[in-house]
Amino acid sequence: MGMVNFIKEEIRIIQERDPAMHSVWEVFLYPSFKAMIRYRLAHKLYLKKHYFLARLISQRCARKTGIEIHPGATIGKGFFIDHGHGVIIGETAVIGDNVTLYQGVTLGGTGKEKGKRHPTIGDNVMISAGAKVLGSFLVGENAKIGAGSVVVKPVPPNSTVVGIPGRVVKRNNVRVPLEDLDQVHLPDPVMADLKRIKEENASLKKQLEELTMILKQRQIVSEDEEEEIILRAQEARAGCAEELEEEESYT
C-alpha cells in the first residue's frame, strides 16, 4: 500500500470510529496515525533483520506518541488506536483486521513463555481502555474486552469479557458495528452477583422472620397450656387440702 492510499485508509478508519474528528487534516495530528506510519517502516526493517534500526524507530515513536509497538508485531488492516497513550504491543503479537484499541491497553506476555509469547487478536475485536491481555492465546473474532480487564485465557469468538481475571459474561451476541464501539454498557458480573446475593439475603431474612413468628406463636400456646396445667394442679392441691382439713375436723 502506497503512502497516499495509506493516508486515505487512515482517514476513513478514524472518521468511522472517532466522532471527535471534524476535518481530514486532523488525521496528521493523531498519535495512532503517526505510530502506524513508523510501525510500517520499522516492521519492514525488522523483516529484513535490521533489528537495531527497527527498534530505534519504534522507541523514538514511543517517546513521541506514548504508543509502543514492537516492530516484530504483525498488524492487519483497519487497525485503530484511540488516544493511544500507554498502549504496548509485544513482539510476537498478531492483530487481525479492523481491531480497535483504547488508551492503556497492553498486549503482553507473562514473562514465562518462549517463542510465541503474546496474544493473537482476531478480526473486529475491541479492547477497551486499560485492559491487559497477557499470554500466548487467541482472542476470537468479534470479541469485546471491557475496560480494566485482565485477560489471561483464550476468549471465544463473539464474546464479551470483563473483570480481573477476565471472565466471559456474554456469548454469541450479534456482531457490533464498528461505529457502535461502546466501552461503557457492558455487563458487570460483580454487581450482578452482589445484586443476586442481596436479593437472596432479603428472601432469607423474610423467611427467617416468618419462621420466628411461627415459633413464637407456638411458644405462646405451650406457655398457656403450661399455665393452665399449673392452675389445675394448684386447684387440685387446694381441694385435697380442704378435704384433709375436713377429715381432721371430724377426727
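**Ground rules.** The model is predicted, so I kept to its cut-offs: local features need pLDDT of at least 70, side-chain atom pairs count only at pLDDT 80 or more, and totals for chains, interfaces and linings use all residues. Residues are numbered from 1 along each chain as its sequence is written, and side-chain values use heavy atoms, with hydrogens and water left out.

**Confidence.** I looked up pLDDT (the predictor's confidence in each residue, from 0 to 100). The chain averages 77, and 75% of the residues score at least 70. Over residues 175-180 the value is below 50, and this stretch has seven contacts beyond near neighbours in sequence. A contact means heavy atoms within 4.5 Å.

**Sheet.** I took strands (E, at least two residues) and helices (H or I, at least four) as DSSP runs, numbered from the N terminus. Two strands pair if DSSP finds at least two bridges between them. I found an open sheet of four strands, ordered β2-β5-β8-β11, with parallel pairing. At the edges are β2 (74-75) and β11 (138-139), each pairing on one side only. Strand β8 (residues 120-121) is joined to β11 by two bridges; T120 has L138 as its bridge partner in β11.

**Helix α2.** Buried residues (under 20% relative accessible area, 1.4 Å probe, protein chains only) include F33, M36 and Y39. The buried residues of α2 pack against α1 (3-17), α3 (51-65), β1 (68-69), β2 and β3 (80-81). Just after α2, K49 takes a positive phi of about 70 degrees.

Notes: Buried means under 20% relative accessible area, exposed over 50%, partly exposed in between (1.4 Å probe, protein chains only).
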